[in-house]
Structures are given as C-alpha cells and as structure tokens.
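Subject: Structure handover

Hi,

Here is the structure I promised to pass on. Please load it before you read the rest.

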Amino acid sequence: MAELRFEGATRVYPGSELAALDSLDLDIRDGELMVLVGPSGSGKTTALRMLAGLEDVDAGSIWIGDREVTYVPPKDRDVAMVFQNYALYPYLDVAANIAFPLKMARVPKEEREERVRRVAEMLELEDYLARKPSQLSGGQRQRVAMGRAVVREPKAFLMDEPLSNLDAKLRVQMRADIAALQKRLGVTTVYVTHDQVEAMTMGHRIAVLRDGRLQQVDEPRAVYARPANVFVAGFIGSPSMNLMEAEARDGGCELSGVRIELPADAAATAAARGRVTVGLRPDALELAPDGLPAWVEVVEDVGAEAYAICTADLAGGERRVIARVDSRRPPAQGERVHLRPLGEEAHLFDPDTGDRL
C-alpha cells in the first residue's frame, strides 16, 4: 500500500496547444479509494495513465509513496491496472489469465497456484478456472480482470471505467463488489468513471475534473452539499441541479417575482453585482399555489420517486426546470403549475466566475 501524489502534473498531447491535464495537484491517501470523475475529455483517464507510466509527464511530478516515479517505466511502478475492455488473453483459461503477471515475474509454480486459488476463492471464480474468457459472462470476465490485478499484491490498483461494458443491474452489483474488495484488501485505489452515481456510491473521496483541471476534491456528500462552482453543481447529482440567474437586492434575490432570502455574506456580494446564479436541486422545488409559473413537459416516474420536467417562465425567458413530485399524485403532462423554491436549500454562485458564494 502507498500514498499516491500528483504535483503540478501536466500532459500536452503532440499537435495540441491545450493541456489534456493541466497542473494537477492531488494527494491520494494510503488505503483510500479515490474516484476521478468528469465528462469525456476532462483528463481523468490521462491522469490515470500518467500514474501508471503509460503517458508522458510534460511538467510536474508523480509520486508513489516516498518515491518519485515520473520517469520510472510502468513495469517498475508496482501498480496494477484494470481496463475497460478487460484485456484478457482469449487463448488462456481463467487460472492462466489470473496467474499471468506472476509467471512474468518468475514466481515459483507452487506459489502461483496457491495465490491464484486464494484470489479465485475471494472473487467466487473457483468453478470457472478451467474456462476460457469466451465462455464467461461480462461480470465474470471483469472478476477475472480484477483477479489478475489482485494476485500481484501491488501498492495500488488503477481502474479505468471497469464497469462501462456491463448492463445496469450488473453494474450495481459490481460497484458493491469492488468497494467491498477494496475495503477488505485496504489497497490504495484510483477509479476513473464518467458516471457520477458510481463516484458518489464508491469513493471515499471524489475528484471532479473538467478540461484537464481539478474543480473540487472532497468526500462525496460534501461535494453534493457544497459544490465549489457551477460546473460541479450541474455535474454532480441526478437529476442535475437547476441553475437560474436572478436579480439581487435588499438582502435577497428574485426569480420571476419569487423572493429568496440570502445569507448576509452572500447577500452583500450578490447586491454588489446586482445578480446571482441560484442553484436548486429538484427536491428544493415543490408544487404550490404560487411560485415560478411553469408547464409540465413530461413526468418521469422511476418508482419510488417521480420528476416533473417543466418549462418555467423566467425573467430571461423560458428555461427547463426539474422538480421532484409525489409519485402517487404527479401532475399531468401539459398541466400549468407553480414551483415554489425552498430558499434555505438554495446554492448561490457568482454569475461571472461561476464560483460558490
């Protein structure tokens, strides 16, 4: 196990003027499961590959424990990577796939077999050791890929969107399995995903990236409760946060005549600008006799919850707004409604910089 550290790590691909990863400073604690999350092109996979030694570092440094590994070859970094496409050898059976890194390291045969047996038992693969990858389901192949990483007993696991090829139900199961395995082994793990639900449910901490830059790093609940800027607010949370510009005056702000009181510190900043960006989660908007005028485009009923996707009449024009509604008595499609903001749950952002107030 080891602490992992990026210090100003930068990568600029040949032919591009923009950095794929721009001066990343990030400490990953010993034994932690850190999730790197962001949209496509945010730099998360580049960061993982730089940590593995599969991408060059154009500036800054990378550390594993107290050892700088910026220019150390991948085979000498003592990390194990789990890929999106499993990267199994189709002509080898499960036992041989798991044992492959041990064979390359010239581990004696008896020790290899014992370590493969222990890992197969841990991952419930004992009954599949003689099968080829083509005879396995997607979830079983992913377990084999995990086994090949675990059997090495590395200092860190690096996982690049390992569940993206699985169906929704299996992804939920494998999320729990990976989190439980990581806790059991206590190995430092960096997990890359574009799926914010995976990030929120698996990570001890999550690091949100955008356009190669780190936006926020904290525990999942803290990122959800206090997003650092408009991007994080809109990216983390499903459905995403409603973001609306409002006029600010007299210690509050107004959304189409609906007043929201602001905390004293935010009120002064907002008043100086004359406007503020208000963020409201879907559960911070409720159907009421008065509030923001809107009409219901569609209601998404997901069982225990329902969400009304509405078009609201705001001062700057029409805007799509999502509100959580009672799944037992949802509004009808096309119905005119009013949405009342719960002011105490509003998030406030600088409309120019996007930063949290």
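This is a predicted model: local features need pLDDT of at least 70, side-chain atom pairs count only at pLDDT 80 or more; totals for chains, interfaces and linings use all residues.

**The five-stranded sheet**

This sheet is open, with five strands in the order β13-β12-β11-β14-β19. The pairing is antiparallel. β13 and β19 (347-349) sit at the edges. Each has a single partner strand, so one side of each is left without a neighbour in the sheet. Neighbouring strands are turned by 40° against each other on average, direction ignored.

Now strand by strand. β11 covers residues 242-249 and β12 covers residues 252-255. Three bridges join these two antiparallel strands. Across this pairing, Glu247 stands opposite Glu254 in β12. β11 and β12 form a hairpin with two residues between the strands. In that hairpin, Asp250 takes a positive phi near 55°.

β12 also pairs with β13 (residues 258-261), again antiparallel, through four bridges. Leu255 has Val258 in β13 as its bridge partner. Two residues lie between β12 and β13, which form a hairpin as well. Which residue in that turn has a positive phi? Ser256 does, at about 50°.

On to β14, residues 275-280. Six bridges link β14 to β11 in the antiparallel sense. Asn242 stands opposite Leu280 in β14.

**The four-stranded sheet**

A further open sheet has four strands, in the order β17-β16-β15-β18. Its pairing is antiparallel. Which strands stand at the edges? They are β17 (317-325) and β18 (336-341). Each has a single partner strand, so one side of each is left without a neighbour in the sheet. From one strand to the next, the twist averages 50°.

Inside this sheet, β15 (residues 285-301) pairs with β16 (residues 306-314) over seven bridges. The two are antiparallel. Trp295 has Thr311 in β16 as its bridge partner.

Strands of a sheet pair through backbone hydrogen bonds, either parallel or antiparallel.

**Helix packing**

Two helix pairs are worth a look. α2 packs against α3 (residues 109-122) at an angle of about 130°. Their axes are 10 Å apart. The crossing of α2 and α3 is right-handed.

α4 packs against α5 (residues 168-185) at about 15°. Here the axes are 11 Å apart. Angles under 35 degrees count as roughly parallel, so α4 and α5 are roughly parallel to each other. The crossing of α4 and α5 is right-handed.

**The largest pocket**

How much space lies in the largest pocket? About 460 Å³. The lining has 17 residues. Closest to the centre of the pocket are Val79, Ala80, Met81, Phe83 and Arg152.

Some secondary structure elements contribute at least two lining residues each. They are β6 (79-82), α2 (94-104) and α4 (138-150).

What is the make-up of the lining of the largest pocket? It divides into 14 nonpolar residues, three charged and no polar.

Best wishes

Terms used:
Residues are numbered from 1 along each chain as its sequence is written. Side-chain values use heavy atoms; hydrogens and water are left out. Two strands pair if DSSP finds at least two bridges between them. Axes are lines fitted to C-alpha atoms, for helices over the stretch in contact, and angles run from 0 to 180 degrees between N-to-C directions. On a 1 Å grid over the protein atoms alone, a cavity is a set of points where a 1.4 Å probe fits but cannot get out, and a pocket is an open set with protein on both sides within 12 Å along at least five of seven lines; lining residues have an atom within 4 Å of a point. Grid points are joined across faces, edges and corners, and a volume is the space filled by probe spheres set on the points. Ala, Val, Leu, Ile, Met, Phe, Trp, Tyr, Cys and Pro count as nonpolar, Asp, Glu, Lys and Arg as charged, and the others, Gly among them, as polar. A crossing is left-handed if the near helix is turned anticlockwise from the far one by less than a right angle, and right-handed if clockwise. Angles under 35 degrees count as roughly parallel, over 145 as roughly antiparallel, 65 to 115 as roughly perpendicular and the rest as oblique.
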